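Please look at the sequence and the structure before reading on.

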Amino acid sequence: MLLLIVYKIFDNIHWYTSMLIFSCEASLSLDYLYYCKVKLKCNQIGLPLGNLNNQLSPLFFERNDNGMILKDASMERSAKTSLIQRISLAVKRDWQLYVLLLPALGFIFVFCYLPLYGIQISFRDYKAVLGITGSPWVGLKNFRDFFNAYYFKRLLSNTFLLNLYGLLWGFPVPIIMAILLNQIEWPRFKKFTQTIIYVPHFISTVVMAGILYLFLSPDSGIVNTLIKTLGGKPVHFMIEPGWFRTLFIASDIWQHAGWNTILYIAALTGIDPELYEAATIDGATKLQKIRHIDIPHLVPIVVMMLILSCGSLLVSNTDKALLMQTPGNMVKSDIIGVYVYEMGLSKAQFSYTAAIGLFINVINFIMIISVNWISKRLGETSLF
Amino acid sequence: MAHAGIKMKKTFGDSLFDIVNTIFWVIVLFIIIYPLWFIIIASVSDPDAVIAGKVFLWPKDFSLIGYEAVFGHKELLRSYLNSVYYTLTGTALSVVVTMMAAYALSRNFSGKKFINFIFVFTMFFSGGLIPQFLMNQKLGLHDTVLLMIIINCVSVWNLMVARTYISMNIPNELYEAAIMDGANHFTYFIHAVLPLSGTIIAVLCVYYGVARWNDYFTALVYIRDRSKLPLQTILREAIAMLTTSTSTDAFFSAYEGDTKGMTEAIRKALVAKYCSIVISTVPAVILYILMQNYFVKGVMLGSLKG
């Protein structure tokens with residue numbers, strides 16, 4: 001199901017870009033400009049528009065048929081009718097659906113599209129008294145500042161490496177778990193296991209970080225108590241930078257690996273049982289069934305997921321890194337999201353941090369699009 | 001059971017595989033359950049036993065003073081109620097708005113592709129934290145309860161899941177029949193689509209509800225008035241920060257000036273942290289357990305048709 005959705009989303013994007021190109025061409029054509037001019041004239045004179053649309057269109061098409069762009073006449077016609085007539089027709093027919101969409105569109109507009117307008121402050125020197133549009137333009141100064149900043153390399157590599165190691169360690173776990181879960185033969189144990197492995201996903205990030213602080217505390221934490229009874233010295237896990245990535249990734253796997261099996265289990269459940277029966281009759285062992293039935297069935301979705309997660313290698317998990325950051329482990333825990341939060345909101349460097357955010361967003365966007373392009377190519381050439 | 005169709009005598013290799021697999025799962029289950037179990041037993045043990053590291057498998061010197069400390073903590077209690085309020089109102093609003101939009105997107109109408117794009121684009125490109133912060137400031141949403149309820153109201157991912165569910169599970173013939181009987185989109189949505197979408201509504205409730213309950217970052221960015229803070233933000237101060245001096249610890253600061261209460265509070269604080277983890281996590285887990293049957297069904301339905 002999820003896979004289908006992802007495909008649909010990308011299809012839509014593809015469709016949209018082609019539509020955008022088409023409508024640009026249409027609006028650039030002289031005929032369309034002429035049409036607008038006539039309409040504008042009528043508006044000025046004060047003629048009622050409702051009737052005019054019907055009267056104007058044939059007139060306009062006549063001119064079009066005799067005019068210069070004859071070969072594209074049918075295409076042009078549909079484009080032109082779509083502009084005014086089709087909108088009014090659509091509103092008349094589908095207004096109820098638009099009303100149902102309106103609240104969702106409103107929220108998306110306020111919380112996603114208004115901030116896009118606010119992006120301009122990354123090219124300005126934002127001062128609260130001058131407001132967003134009143135602050136002076138400074139071009140690419142904020143971006144240059146970031147590239148030349150002392151922390152630039154550290155931030156970028158910390159963010160990238162945290163995600164890369166997270167992917168290397170965390171990606172295979174749910175796949176292995178799904179395959180082995182599928183092999184449990186005792187239904188009750190299977191159901192119980194499935195229920196339990198989802199539970200940690202519902203623990204909040206704050207509580208997860210709290211558990212780490214409590215369990216790993218050097219004086220009262222259970223882990224250090226164990227180390228002490230075995231004769232070792234207590235480790236300051238949350239302060240030593242060397243432990244940051246290990247803890248971050250291990251706790252992520254503990255929390256979400258079980259949940260992430262859902263997708264793969266769904267794929268495995270979709271396998272035709274007859275395949276297993278045939279394999280059993282032919283004397284295949286369980287390992288052979290995994291090797292020759294399960295894994296080939298999982299490959300497409302695994303490749304898809306892998307490619308998608310490669311597209312988000314520079315996305316920061318700000319929530320969690322902010323919680324796990326201590327003065328001691330800054331060298332490893334300082335990632336872009338946390339830096340933006342600290343500099344932007346605690347030190348009020350709005351323009352500078354907005355520029356960092358924009359830079360990272362653009363990179364992520366490019367990565368997602370190119371990764372999607374690759375996956376499409378792979379999908380067409382088919383892996384097996 | 002995928003391969004219960006034919007019963008055959010197990011080979012040695014298969015038996016070995018089953019044993020290894022069972023051992024694997026017992027270990028995995030232990031790794032997942034033990035930390036959770038430890039939190040529960042530590043929360044009902046005596047503070048001294050927990051500090052001394054004597055609690056391992058079973059509560060030691062059973063006591064509830066940790067819970068007393070938590071329930072005596074005014075700020076924690078108020079933030080708990082705040083969180084309940086934000087979660088209930090926010091989730092209700094989210095589910096209603098998402099279902100309305102998901103139904104509309106599951107039908108054909110002109111401009112659908114464009115509106116689809118408006119939604120999907122936000123998944124891939126956003127203004128970022130700072131521009132959003134400034135725009136919300138401009139709208140006067142800073143430090144308001146309204147913001148806590150309507151921010152992140154529509155998750156495009158959930159919207160797409162709901163749309164796919166509706167268009168796959170509710171036959172178009174039903175719509176045609178309803179139109180014949182004089183229904184319009186509103187009546188059809190209320191009387192046919194909603195009653196048939198129990199599964200997806202349950203899934204949405206869990207997704208939205210848990211996300212809201214567990215969110216601390218929004219309040220950290222936008223809320224200054226401490227009486228409006230949700231539970232997770234208070235919890236962050238209490239358990240998820242490196243405490244260097246006692247004054248920064250939320251469990252102590254409530255007792256400032258009261259020396260006797262203070263020493264007692266320091267003793268209680270550790271156990272109280274475990275208790276606050278329990279009381280903050282229980283609602284989300286209960287919601288999951290209650291909705292779990294719907295959940296598995298929803299995933300399976302989607303996978304079969306997809």
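A residue is called buried when its relative accessible area is under 20%, exposed when it is over 50%, and partly exposed in between (1.4 Å probe, protein chains only). The model is predicted: local features need pLDDT of at least 70, side-chain atom pairs count only at pLDDT 80 or more, and totals for chains, interfaces and linings use all residues. Residues are numbered from 1 along each chain as its sequence is written, chains are lettered from A and ligands numbered from 1 in the order in which they are written, and side-chain values use heavy atoms, with hydrogens and water left out.

**Chain A**

Helices (H or I, at least four residues) and strands (E, at least two) are DSSP runs, numbered from the N terminus. By this rule chain A has 19 helices and zero strands. Of the 384 residues in chain A, 46% are buried. The accessible area comes from the Shrake-Rupley method with a 1.4 Å probe, and for residues only the protein chains shown count as cover. Chain A exposes about 19400 Å², of which 67% comes from carbon and sulfur atoms.

A contact means heavy atoms within 4.5 Å. Taking the contacts in chain A between residues at least 6 apart in sequence, 65% join residues at least 24 apart.

How many of the eleven residues of helix 11 of chain A are buried? Ten are, so helix 11 (residues 205-215) is largely enclosed by the rest of the structure. Among these buried residues are Val206(A), Met208(A), Gly210(A), Tyr213(A) and Phe215(A).

Ala279(A) belongs to helix 14 (residues 273-281) of chain A. With 14% relative accessibility, Ala279(A) counts as buried. Apart from neighbours within four places in sequence, Ala279(A) is in contact with Ala284(A), Lys289(A) and Ile293(A). The C-alpha atoms of Ala279(A) and Ile293(A) are 8.9 Å apart, while the two residues are 14 apart in sequence.

**Salt bridges**

Side chains of opposite charge can pair when their charged atoms come close. A salt bridge is a side-chain nitrogen of Lys or Arg within 4 Å of a carboxyl oxygen of Asp or Glu. Over all chains, the structure holds ten salt bridges. The table gives some of them.

| Lys or Arg residue | Asp or Glu residue | N to O distance |
|---|---|---|
| Arg93(A) | Asp94(A) | 3.2 Å |
| Lys286(A) | Glu185(A) | 2.7 Å |
| Lys286(A) | Asp18(B) | 2.7 Å |
| Arg226(B) | Glu237(B) | 2.8 Å |

In the pair of Arg93(A) and Asp94(A), Asp94(A) is buried, with a relative accessible area of 5%.

Lys286(A) and Glu185(A) also meet in a salt bridge. Lys286(A) lies in helix 15 (residues 286-310) of chain A and Glu185(A) in the loop between helix 9 (172-182) and helix 10 (187-198) of chain A, so the pair ties together parts that are 101 residues apart in sequence. Is Lys286(A) buried or exposed? Lys286(A) counts as buried, at 2% relative accessibility. Glu185(A) is partly exposed, at 33%.

In chain B, Glu237(B) forms a salt bridge with Arg226(B). Glu237(B) lies in helix 13 (residues 231-239) and Arg226(B) in the loop between helix 12 (217-222) and helix 13 of chain B, so this pair ties together parts that are eleven residues apart in sequence. Arg226(B) is partly exposed, with a relative accessible area of 35%.

Through shared partners, salt bridges join Glu185(A), Lys286(A) and Asp18(B) into one network.

**Where the chains meet**

In total, 114 residues of chain B are in contact with 109 residues of chain A. Buried area is the accessible area (1.4 Å probe) that two parts lose on being put together, summed over both. For chain B and chain A this is about 10500 Å², 79% of it on carbon and sulfur atoms.

How many salt bridges are counted between chain B and chain A? The count is one, and Lys286(A) forms a salt bridge with Asp18(B). Helix 1 (residues 12-43) of chain B gives the most to the side of chain B that touches chain A, with 17 residues.

For the classes, Ala, Val, Leu, Ile, Met, Phe, Trp, Tyr, Cys and Pro count as nonpolar, Asp, Glu, Lys and Arg as charged, and the others, Gly among them, as polar. The side of chain B that touches chain A has 79 nonpolar, 26 polar and nine charged residues.
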